[in-house]
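Subject: Handover of a structure and notes on its features

Dear colleague,

I am passing the structure below on to you, together with a short account of what was found in it. Please keep the model open while you read.

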Amino acid sequence: MGSLFRSEEMALCQLFLQSEAAYACVSELGELGLVQFRDLNPDVNAFQRKFVNEVRRCDEMERKLRYLEKEIKKDGIPMLDTGESPEAPQPREMIDLEATFEKLENELREVNQNAEALKRNFLELTELKHILRKTQVFFDEQEGGVNQTTESMTRALITDEARTTGASMGPVQLGFVAGVILRERLPAFERMLWRACRGNVFLRQAMIETPLEDPTNGDQVHKSVFIIFFQGDQLKTRVKKICEGFRATLYPCPEAPADRREMAMGVMTRIEDLNTVLGQTQDHRHRVLVAAAKNLKNWFVKVRKIKAIYHTLNLFNLDVTQKCLIAECWVPLLDFETIQLALRRGTERSGSSVPPILNRMQTFENPPTYNRTNKFTKAFQALIDAYGVASYREMNPAPYTIITFPFLFAVMFGDLGHGAIMALFGLWMIRKEKGLAAQKTDNEIWNIFFGGRYIIFLMGVFSMYTGLIYNDIFSKSLNIFGSHWHMSYNKSTVMDNKFLQLSPKVDYEGAPYPFGMDPIWQVASANKIIFHNAYKMKISIIFGVIHMIFGVVMSWHNHTYFRNRISLIYEFIPQLVFLLLLFFYMVLLMFIKWIKFAATNDKPYSEACAPSILITFIDMVLFNTPKPPPENCETYMFFGQHVIQVLFVLVAVGCIPVMLLAKPLLIMQARKQANEEVQPIAGATSDAETGGVSNGGSHGGGGGHEEEEELSEIFIHQSIHTIEYVLGSVSHTASYLRLWALSLAHAQLAEVLWTMVLSIGLKQEGPVGGIVLTCVFAFWAILTVGILVLMEGLSAFLHTLRLHWVEFQSKFYKGQGYAFQPFSFDAIIENGAAAAEE
């Protein structure tokens with residue numbers, strides 16, 4: 001089978017590269033993204049590897065580029081992104097790149113330092129300007145006639161000792177300091193002054209209306225101007241210490257009005273000059289950043305490619321001559337020639353005359369799992385890998401999941417209207433995928449929706465189909481083909497009678513409805529839910545049993561591919577027989593009942609004579625005799641049913657010891673025969689001993705060469721698998737009833753929204769009714785999208801995921817492999833960009 005249904009065949013190869021050509025060859029392989037290198041130096045410290053200095057140089061260049069990026073984003077300058085990925089530069093170009101980044105960083109840091117010094121100077125002059133302006137107001141008040149306030153203030157600041165000797169002293173001269181403090185620190189600053197100086201200071205303050213820019217971080221801060229009057233040098237020292245503790249900035253303020261005016265004029269002149277210089281500095285900084293923004297994305301790509309190449313080269317070994325690098329790598333067999341062509345291109349680019357050598361190696365290691373995907377299959381493969389990466393060359397469930405996943409979802413979500421909303425949303429994302437993919441965002445929810453756009457679209461389309469089958473659109477029905485039911489009820493009875501029932505014996509004539517459910521069931525308030533309940537419950541069991549049988553059949557492909565004869569005969573066949581004879585037989589009974597019994601009074605094939613499938617199945621398993629049927633009715637649905645049922649149960653029960661004991665006993669016998677051989681072949685293992693699994697040989701890649709498992713562990717594992725399968729067949733069948741339960745719940749929620757919300761607006765009449773209907777419709781639409789589409793859709797999605805992971809994949813899928821992670825520049829750059837955004 002093709003690689004769509006199994007992972008790619010892989011080969012472990014040994015690669016020999018000349019030292020001068022290694023860089024170019026690895027660069028070509030990184031562009032190709034099809035080679036996974038192994039670390040041949042696992043015991044060597046990262047700081048002791050050959051190319052550690054080159055990696056450090058790349059780290060330093062990345063640091064400088066991140067610094068440039070931060071400054072560019074700070075100024076809001078758009079960075080040019082052409083979407084193209086430049087090739088990895090040659091090693092000699094690293095010197096030019098380092099010199100360019102060094103020059104830009106030094107120039108930008110110098111500009112930033114100058115700008116910060118200018119801004120700090122500008123802030124000081126601005127604060128001084130406000131101090132001179134505000135203190136001038138204080139002194140103007142004193143000169144303008146507020147002498148009583150000044151005298152009382154002076155008397156208040158004179159100490160008791162000064163009052164005692166005041167007769168012999170001249171007029172008292174008060175000192176003062178002026179400064180600026182953060183507005184939020186002012187109340188605490190004032191309290192501290194009062195307590196520390198014992199009330200012997202006088203504080204005047206005024207707010208600066210316009211916020212000032214902090215030169216360190218560029219934040220806007222609010223400050224206030226203050227002036228403190230005091231008497232004596234001791235208080236002056238104390239006041240300055242308090243100002244220093246609260247980080248208040250003190251400025252010189254002349255006492256004479258003429259000196260203050262002269263200083264203010266000088267300050268204004270210097271502020272104008274600083275504004276001019278600051279503008280020129282900002283223009284120069286902007287020009288530097290704009291020039292850097294044009295190339296920043298490409299620079300990041302180049303540096304990350306160089307760093308990735310040297311990281312990869314650190315995984316290689318040197319030969320004894322120190323002139324050749326040796327690597328081991330996993331490669332897909334289908335791309336072997338493509339990889340060889342890439343190596344030749346790298347050799348030609350480097351100018352080397354010695355071609356690289358790529359040799360396949362024999363190995364017993366399990367190769368990595370590589371499933372090729374495109375933008376359509378990628379999301380479905382991600383659902384499978386979330387459960388576990390497939391073992392090497394194991395059957396891949398993803399291609400089948402493309403159909404079964406949206407279909408089982410639609411069985412639970414079947415509504416033509418809700419499915420149309422979901423399908424249109426998915427189609428919109430598909431049509432706009434190029435533009436939406438270019439708009440990278442950190443919103444995880446949006447990334448999940450966009451990544452699963454094809455899943456959403458298919459789930460919506462399948463839900464529209466099942467909505468037509470259920471004849472359900474926003475809890476109402478479509479009468480496309482006309483109903484064949486004939487009822488002798490008037491309109492008021494149909495509309496108002498909450499106990500109205502439909503009886504096929506009385507009201508039904510003619511052929512069935514051509515497609516889906518007859519719309520007449522909408523008016524059967526009393527027995528509509530009973531009819532839908534029986535219908536959806538049976539189809540849930542039918543789909544579930546078919547899905548499980550398909551899973552068991554998938555295991556046959558695994559056994560035949562790996563030539564596992566024992567598992568094929570003694571596991572697959574008993575498992576399939578067990579499932580068919582019990583649960584598929586129950587499905588056949590449903591079809592027989594549908595075909596044989598009708599809603600008529602003609603016994604023995606009337607509805608009254610139809611036996612219960614569940615009771616029949618329970619009696620079959622327990623070997624019970626069925627209860628006597630009603631008069632004129634037959635006990636069994638077909639001739640020989642009892643004998644066939646007893647035979648089916650006996651054969652199914654007989655399959656259990658075969659599944660439990662056959663494989664361990666055959667392995668034990670094979671080991672006993674191997675031990676009795678006189679000259680066993682070195683390294684050989686029998687088909688029974690390894691379970692017949694061999695990933696090597698013609699299938700390419702490694703194999704499952706492992707140590708012999710103890711017989712006790714083999715018996716325990718086989719017992720666990722057998723019990724799990726037998727009991728799981730019962731529980732998994734019942735688990736598919738979630739299809740029925742969620743489908744009924746979704747339909748009932750839609751009906752509740754229609755009845756209790758939208759119908760209220762539809763009953764209103766006149767102009768007011770139009771306004772009410774608009775408001776009610778908006779509310780109904782929000783609830784429909786939010787609850788029925790999003791929340792119910794998420795619930796159905798999770799239940800569908802469980803059905804695939806547990807009920808379907810457990811029949812054949814182990815998921816014990818590890819993913820193929822090739823050396824790819826695209827993945828490295830994408831991961832690096834995501835890490836930088838975080």
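Predicted model: local features only at pLDDT ≥ 70, side-chain atom pairs only at ≥ 80, totals over all residues.

Helix 1 and what follows it

Helix 1 covers residues 19-32. At 1.5 Å a residue, its 14 residues should span 20 Å, and the end C-alpha atoms are 21 Å apart, which agrees. This helix is mostly covered, as ten of its 14 residues are buried. Among them are Y23, C25, V26, E28 and L29. After helix 1 comes G33, which has a positive phi, near 70°.

Helix 13

Helix 13 runs through residues 416-431 and has 16 residues. From its first C-alpha to its last it reaches 22 Å, close to the 22 Å expected.

A pair of packed helices

Helix 2 (residues 52-74) packs against helix 8 (residues 257-293) at an angle of about 120°, and their axes are 10 Å apart. The crossing of helix 2 and helix 8 is left-handed. On the helix 2 side, E71, I72 and K74 make the contact, and on the helix 8 side R285, L289, A292 and A293 do.

In soluble globular proteins, nonpolar side chains tend to be buried together. Here, the largest nonpolar core has 68 residues, and L582 and F583 touch the most other members. Helix 20 (residues 565-596) provides the largest share of this core, eleven residues. Beyond its neighbours within four places in sequence, L582 is in contact with F617, M620, V649 and A652. Another core, of 61 residues, lies apart from it and has L12, M94, I309 and F820 among its members.

A polar atom of the Q36 side chain lies 2.7 Å from the backbone nitrogen of Q821. Leaving out residues up to four places away in sequence, Q36 touches residues including W330, P368, Y818 and F823.

With kind regards

Note on methods:
Residues numbered from 1 in each chain as written. Heavy atoms only, no water. Helix = DSSP H or I, 4+ residues; strand = E, 2+ residues; numbered from the N terminus. Expected span 1.5 Å × (residues − 1). Core = buried A, V, L, I, M, F, W, Y, C linked by side-chain atoms within 4.5 Å. Buried < 20%, exposed > 50% of the residue type's maximum accessible area, 1.4 Å probe, protein only. Contact = heavy atoms within 4.5 Å. Axes fitted to C-alpha atoms, helices over the stretch in contact; angles between N-to-C directions. Left-handed = near helix turned anticlockwise from the far one by under 90°. Polar contact = N/O pair within 3.5 Å; in protein donor to acceptor, adjacent residues only side chain to side chain.
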